[in-house]
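Please consider the sequence and the three-dimensional structure shown below. The paragraphs after them lead from single residues to the overall form of a chain.

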Amino acid sequence: MSSSQQPAQAPAPVRLITAFGSPFAHRVEVALALKGVPYELVVEDLASKSELLLAHNPVHRSVPVLLHGGRAVCESLVIVEYVDEAFHHGAAPRILPTDPYDRATARFWAQFIADKCLKPLWLSMWTDGEAQARFARETKESLAVLDAQLDGKRFFGGDALGFVDLAACTLAHWLDVLEEVAGKRLVGDGEYPALRRWAKEYTSDETVRRFLPDRDELVAFFAANKERYTSMVRAAVQRQ
Amino acid sequence: MAAEKKGLQLLDFWVSPFGQRCRIALDEKGLPYEYLEQDLDNKSELLLRSNPVHKKIPVLLHDGRPVCESLIIVQYIDEAFAGKSPALLPADPYARAQARFWADYVDKKVYDCGTRLWKLKGDAQQQACKEMLEILKTLDSALGDGKFFGGEQFGFVDVAFVPFTAWFLSYERYGKFSVEKECPRLAAWAKRCGERDSVAKNLYPPEKVYEFIGVLKKKFGIE
């Protein structure tokens, strides 16, 4: 290339710090794919965290972390909103709706899923006795609310996959893996039919499918970490 | 059926820091609204109908349509009234992500740790005190030498955190530490925010908050 022809400014490189099996990282990968953003994956061993991760997420020390031109964005749903805004171009699908009220609704359900479904779900898997029963009950009540919220829609936002579906991804692909590893059945036969239908829609989506970890590998991974989760959860529950 | 009430209404509870976030955001934008104090021991039909999922305040009603969860309400106010300055979230996506990250941090950490600080005793209380100091120091560091969390402009993270400055006195008493001493930048920031009309008007005096905690403790049968 002659010196008089400067190349156009290359877009800042995108890297995603991830760890095997993380549903949170999955959300971001799907978001990046929806926007057609090329990126490099940096896979962490969470039992031995890299300097890169600790430097870029000193507050939470968790994955995923998005590095855009070296600047870090942390917390998966914050990253998804960032991807939606920073990488938007004409042809790309919108992850959050554009209308302010619809956006507030999407954020509400994403938060409900995080606080009222995923949190007690995780706790119910790694506890026993009365605590376990309490967390399981809370999870099931929340799943019923979510099931009702789907109300015949294909995805949570309507016809197209969006923010709330990404927030709920754990329920589509990870829930029965957790049940199997923990030996605890939370969802009975025939329960939450709308959610089941949604889970099939979600996991067969052509973009999502590319980023679903292999089920057998997930089972092996969670089984290998079962003791660690159990003691972490025990400590967290005791603190409350 | 009666027509949906036009305009803005806020279902709220006087001392709630979450409700105060919304009041501050509305006042910053100069948006008139009807304040509706709720009796949380005897929840109104309007509250239960507007927030059937959580049955909690704050709830913003905009032309009768409910928005729930305080930080979601603040973002809604900013987006639905984007024409009204000041913008509470910055325009740049990266700056917005930073703002959302820190508001989320405040939301996840401050109130829960604060509650453990006044509710618990002995080792558990010591642990809560240790954590509260870590949280405040982290926020002090995030603030850095900036005027506000977003830099020169009062914004989303300031709105998210400033109501808790009225609780600093209580945290200090229960935790036996001084915010001024441990986090001088945060203490200065709190004072700076307190000079804004929207904040001065909507926060209760720290002694009143301390008194309220005393009432809560009696209610829960805590010594």
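In which helix of chain B does Ala200(B) lie? Ala200(B) belongs to helix α10 of chain B, residues 197-202; helices (H or I, at least four residues) and strands (E, at least two) are DSSP runs, numbered from the N terminus. This is a predicted model, in which local features need pLDDT of at least 70 and side-chain atom pairs count only at pLDDT 80 or more, while totals for chains, interfaces and linings use all residues. Residues are numbered from 1 along each chain as its sequence is written, chains are lettered from A and ligands numbered from 1 in the order in which they are written, and side-chain values use heavy atoms, with hydrogens and water left out.

Ala200(B) has a relative accessible area of 48% and is therefore partly exposed; buried means under 20%, exposed over 50%, and partly exposed in between (1.4 Å probe, protein chains only). Between Ala200(B) and Gln153(B) there are 47 residues in sequence and 17 Å in space, C-alpha to C-alpha.

Chain B also has a loop between α2 (45-50) and β3 (59-62), where Pro58(B) is found. The peptide bond from Ile57(B) to Pro58(B) is cis, with omega near 0°. Lys55(B) lies in the loop between α2 and β3 of chain B, and its phi is near 55°, a positive value in a residue other than glycine. Lys55(B) counts as partly exposed because its relative accessibility is 39%.

In chain A, a cis peptide bond with omega of about 0° joins Val63(A) and Pro64(A). Pro64(A) is placed in the loop between α2 (51-56) and β3 (65-68) of chain A. Tyr192(A), in the loop between α7 and α8 (193-204), has a positive phi of about 50° although it is not a glycine. With 10% relative accessibility, Tyr192(A) counts as buried.

His173(A) is part of helix α7 (residues 169-182) of chain A and, at 13% relative accessibility, is buried. A polar atom of its side chain lies 2.8 Å from the backbone oxygen of Pro213(A). Not counting residues up to four places away in sequence, His173(A) touches Thr203(A), Leu212(A), Pro213(A) and Leu218(A), where contact means heavy atoms within 4.5 Å.

Turning to chain A as a whole, its secondary structure comprises 10 helices and four strands. The radius of gyration of chain A, taken over C-alpha atoms, is 19 Å, close to the 18 Å that the globule rule (2.2 Å times the number of residues to the power 0.38) gives for 240 residues, so chain A is as compact as a globular protein of that length. Buried residues make up 50% of the 240 residues in chain A.

Definitions and conventions. Polar contact = N/O pair within 3.5 Å; in protein donor to acceptor, adjacent residues only side chain to side chain.
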